[in-house]
Amino acid sequence: MGSIARNIDGKVLSDLEESLLRLVRRPIQLTITDNVHSMIHIRNSNNGFRVRLHHMFLEADAAVLRSLASFITGRKKRAPSLLRSFVASHHSKIRKAPAKPRRVVLRHRGRYFNLKELFDRVNQDYFANKVDCHITWGARRPVRRQKSIKLASYSERTKMIRINPVLDRSYVPLYVLAGIIYHEMLHHYLGIESRNGRQMAHTKRFRRFEEKFPHYHHMLAWKEKNLHRLLGR
Ligand SMILES: [Zn+2]
């Protein structure tokens, strides 16, 4: 569940959201991204807008925000020149693809489950193959010493889903692992939203999507019942 939101000052984010609300005068659902190509993405949503902005806009001044607001409410395809020059002058904020990609070893094959195969199946069944993040088994750590256990996580920075290897057991049902992967893929798919200045990963919208997984309630019940077993207790 790591996200760029973790590094963002909540105050700055809520200020940005409030300023846009004031200028646009329609409901806005704001998501801050670390995208490389798309700095501004706007979609109509009900009677308002769903807006995805690169984190450079956390530093935008009033004039830039006014220009942004008119771009949001207007129907022009091309961003106003003030916005374009703002993006150009904050170019250094855009993450660069490393010249030499860091070598990340993805471990797909476990003893009982191949994560890539499961990921591909979930991607096809629920996301029309639109999810393009990575997946790997996490490092094995002695679980007995852990107080709580995180079965899976998603990092927005590295676009990586990590699945705890305690789930690589013969008694873990396929639908449970698929459901856990589905949850983490949703984090990639939906991004981290901000409402009233609070960053939320598990929004109502997220929960609605989550319940589309047909074995959702079974999966929760299974996890509840078997957590001690996974922990080796
Ligand atoms: Zn989550």
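## Surface and charge

The protein chain exposes about 14,100 Å², of which carbon and sulfur atoms supply 49%; accessible areas come from the Shrake-Rupley method with a 1.4 Å probe, and for residues only the protein chains shown count as cover. The model is predicted, so that local features need pLDDT of at least 70 and side-chain atom pairs count only at pLDDT 80 or more, while totals for chains, interfaces and linings use all residues. Residues are numbered from 1 along each chain as its sequence is written, and side-chain values use heavy atoms, with hydrogens and water left out.

The mean positions of the 47 positive charges (Lys and Arg) and the 18 negative charges (Asp and Glu) lie 3 Å apart, each charge being placed at NZ of Lys, CZ of Arg, CG of Asp or CD of Glu.

## Fold

The chain has seven helices and eight strands, taken as DSSP runs (H or I, at least four residues, for helices; E, at least two, for strands). Of its 233 residues, 45% count as buried, meaning under 20% relative accessible area, with exposed over 50% and partly exposed in between. Among contacts (heavy atoms within 4.5 Å) with a separation of 6 or more, 63% join residues 24 or more positions apart.

## Zinc site

His-183, His-187 and His-202 coordinate the zinc ion, each through NE2, at 2.1 Å; donors are N, O and S atoms within 2.8 Å of the metal (3.2 Å for Na, K and Ca), and because water is not among the atoms, sites may look incomplete. The pair His-183, in helix α5 (residues 174-190), and His-202, in the loop between β8 (198-200) and α6 (204-210), links distant parts of the chain, 19 residues apart. His-183 is buried, with a relative accessible area of 15%, whereas His-202 is partly exposed, at 30%.

Definitions and conventions. Buried < 20%, exposed > 50% of the residue type's maximum accessible area, 1.4 Å probe, protein only.
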